[in-house]
Amino acid sequence: MTKLPESAQYVPSYDTESARRSWRSRTSLEMIVSGVIGLVTSFVLSIEAWQLAADSSARFGCDISSVLSCSAVAQTWQARILGFPNAFLGIFFETVVLAISVAVFAGVTFPRWYLLSANLLYTVALFFAFWLFGQSYFVIQVLCPWCLVITLTTTLVFAGLTRINIRERILVAPEWMRRAVAQGLDWALWGLIIFAVLAMVVAKYGLKLLG
């Protein structure tokens, strides 16, 4: 059988050049929105950290109830794991990924080593965010609303960056996974993770969340 020239071979609708450009723009835009939310939240937390340093009795608008309190969490050692407020780390991580997201949206192509480094950096950020959530949930037993937002936005940004790197073959992955990512099927996994976090919070605290 004569092999068809490459240009005549069937290309799945999700793998055409126009589909890849549209997918890349959509994914980077999702990362930009999540990154902006995370950056603003990190700035708010950093301002509150300075206010608490000046007045340990300060209270904030996010002190909603006995189990939802930014100020209570901010006064624990877990809130300054490296000796300074974790919010400063959030500003760093969000700024880096925002710069990458905007560049990707604009069509910039980065070297493989750069995207791999960014993915590794944000893997650390993801584990750190969930470690802090675990500390608040199981040890401190008080949740910071802003920190919950950071956990969710970090998850979404990590998902977007990893999706791009799998789709663009920056990360080594089996072909079935690349196809699933190209078709957006991986969002079921990330949606399940976010739902699980919210379900854990509601299941443990219930109406205590309101006061």
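Is Tyr 122 buried or exposed? Tyr 122 is buried, at 2% relative accessibility; buried here means under 20% relative accessible area, exposed over 50%, and partly exposed in between (1.4 Å probe, protein chains only).

1. A word on the basis. This is a predicted model, where local features need pLDDT of at least 70, side-chain atom pairs count only at pLDDT 80 or more, and totals for chains, interfaces and linings use all residues. Residues are numbered from 1 along each chain as its sequence is written, and side-chain values use heavy atoms, with hydrogens and water left out.

2. The annotated stretch. UniProt, in an unreviewed entry, lists residues 24–165 as "domain: Vitamin K epoxide reductase"; such annotations may be inferred rather than shown by experiment. Residues 24–165 are 75% helix and 0% strand, with the end C-alpha atoms 10 Å apart. Helices (H or I, at least four residues) and strands (E, at least two) are DSSP runs, numbered from the N terminus.

3. Aromatic pairs. The whole structure holds 12 of them. Rings of Phe, Tyr and Trp (its six-membered ring) pair if their centres lie within 6.5 Å; planes under 30 degrees apart are stacked, over 60 edge-to-face, the rest tilted. Phe 92 and Phe 93 make a tilted pair, 5.6 Å centre to centre with 55° between the planes. Phe 93 also pairs edge-to-face with Tyr 122, at 6.2 Å and 80°, linking helix 3 (residues 86–105) to helix 4 (residues 112–140).

4. Charges over rings. The charged end of Lys 204 sits over Tyr 137, 4.4 Å from the ring centre (the rule: NZ of Lys or CZ of Arg within 6 Å of the centre and within 35 degrees of the ring normal). Tyr 137 also belongs to an aromatic cluster with Phe 133, Phe 138 and Tyr 205.
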